[in-house]
Amino acid sequence: MLAYRGELDSSIPRDETLGGLAGSFEYPFTYGYSAVGTVESSRTDLGEGDRVFAFHPHQTRFVASAADVVPIGDCDPRAATLFPLVETALQISLDTGIRHREVAAVVGLGPIGILAAILLARSGAVVVGSDPKPWRRDVAEACGLEAVEPEELGDAVRATTRGRGADFIVEATGNPEALADSLGLLSPEGVAIVASWYGLKPVTLPLGAEFHRRRLEIRSSQVSTVGHRAVRWDRGRRLETTQTLLAELPLSLLASHTFPLERAPEAYAAIHRGDVGVVHVALAHS
């Protein structure tokens, strides 16, 4: 959506870690990094007809490096289009380093927020999420999560922690104001994990007495690199774990809409408007 809305610095690289995304965000450019299809020919161990996921811009045919392709076996191809979001959610859970029964408030229950909340809960955390869109809250609850309206999140955190505040917040709304509003949910020495990429949107934060005196921390989570856990969690291990999670997570609940490729403008517009029921959108190639 940042690229769609023109909210990115055109001079920055699209992604220096993926071969299919060389170059910058200067228009015109190809984009996308979530393609699922079958191998037509290969010089590697991948066989013709194998179903794979590829970090590649969205198009009907392309040549991809073996390093940018992940076999998905019998996984439902629509569910597999969420592969990069599962990997991102896994990185968020690694970046928290959350411990058993610590409390995490997930702000924003789009696909990444829901997936991150699920993985944090599976790691032993107590998780409460919020989103203003009721259909997103419904999907989160169908995935076994507690989901409330943003106005109710403070009370939910206080009730869950007996007034201590959350150990972590995960900000996954894409809205800088949500980060500013959620800092007050943290306990002393609490950590805000920023999963959002704000692009060119300005960010104003209340870093006065409360932030300073309570020793709060704001940390970025970014999936292009593994970060401080890279010794044990290199990219290969993260990809292998993501492959396993494809079969374990309720991805079909998130896969709300599929548009034919020729209707891609409608798909992007639906996400941009926040149409009722939209959670995750895919493009189907004929």
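Trainee: In which loop is Arg215 found?
Mentor: Arg215 sits in the loop between helix H8 (209-213) and strand S9 (217-220); helices (H or I, at least four residues) and strands (E, at least two) are DSSP runs, numbered from the N terminus. You are looking at a predicted model, where local features need pLDDT of at least 70, side-chain atom pairs count only at pLDDT 80 or more, and totals for chains, interfaces and linings use all residues. Residues are numbered from 1 along each chain as its sequence is written, and side-chain values use heavy atoms, with hydrogens and water left out.

Trainee: Why is Arg215 called exposed?
Mentor: Its relative accessible area is 60%. Buried means under 20%, exposed over 50%, and partly exposed in between (1.4 Å probe, protein chains only), so Arg215 counts as exposed. Its phi is also worth a look: the value is near 55°, positive in a residue other than glycine.

Trainee: Where is Arg162 found, and why does Arg162 count as exposed?
Mentor: Arg162 belongs to the loop between H6 and strand S7 (166-171). Its relative accessibility is 78%, so Arg162 counts as exposed. Arg162 has a positive phi of about 55° too, although it is not a glycine.

Trainee: What makes Thr161 buried?
Mentor: Thr161 lies in helix H6 (residues 150-161). Its relative accessible area is 1%, so Thr161 is buried.

Trainee: What is in contact with Thr161, leaving aside its neighbours within four places in sequence?
Mentor: Those residues are Val103 and Ala166, where contact means heavy atoms within 4.5 Å. A polar atom of the Thr161 side chain also lies 3.0 Å from the backbone nitrogen of Gly165.

Trainee: Why is Ser220 called exposed?
Mentor: Ser220, in strand S9, has 55% relative accessibility, and on that value Ser220 counts as exposed. Leaving aside its neighbours within four places in sequence, Ser220 is in contact with Asp95 and Val194. Ser220 and Ala255 are 35 residues apart in sequence and 27 Å apart in space, C-alpha to C-alpha.

Trainee: Is Leu246 buried or exposed?
Mentor: Leu246 has a relative accessible area of 7%, and so Leu246 is buried. You will find Leu246 in helix H9. Leaving aside its neighbours within four places in sequence, Leu246 is in contact with several residues, including Ile72, Phe83 and Leu251. From Leu246 to Arg215, the separation is 31 residues in sequence and 37 Å in space, C-alpha to C-alpha.

Trainee: Which residues touch the most other members of the largest nonpolar core?
Mentor: They are Ile114, Leu115, Leu120, Leu249, Leu251 and Leu254, in a core of 49 residues. A nonpolar core is a set of buried Ala, Val, Leu, Ile, Met, Phe, Trp, Tyr and Cys residues joined through side-chain atoms within 4.5 Å. A second, separate core has 21 residues, among them Val103, Ala105, Leu153 and Ala192.

Trainee: Which residues does Leu251 touch, not counting residues up to four places away in sequence?
Mentor: Leu251 touches Ala79, Leu82, Val86, Leu115 and Leu246.

Trainee: Which residues of H5 are buried?
Mentor: In helix H5 (residues 134-142), these are Trp135, Arg136, Arg137, Val139 and Ala140. The buried residues of H5 pack against H4, strand S6 (146-148) and helix H10 (251-254). Just after H5, Gly144 takes a positive phi of about 90°.

Trainee: Which helices each supply at least two residues of the lining of the second largest pocket?
Mentor: They are helix H3 (83-96), helix H4 (111-122) and helix H9 (235-246). The largest share, 3 residues, comes from H3. Among the lining residues are Leu90, Arg122, Arg229 and Thr241, and the lining divides into 5 nonpolar, 4 polar and 2 charged residues.

Trainee: What makes the peptide bond from Tyr27 to Pro28 stand out?
Mentor: That bond is cis, with omega near -5°. Pro28 has its place in the loop between helix H1 (2-5) and strand S1 (35-38).

Key. 1 Å grid on protein atoms, 1.4 Å probe; cavity = no way out; pocket = protein on both sides within 12 Å on 5 of 7 lines; lining within 4 Å. Nonpolar A, V, L, I, M, F, W, Y, C, P; charged D, E, K, R; others polar. Polar contact = N/O pair within 3.5 Å; in protein donor to acceptor, adjacent residues only side chain to side chain.
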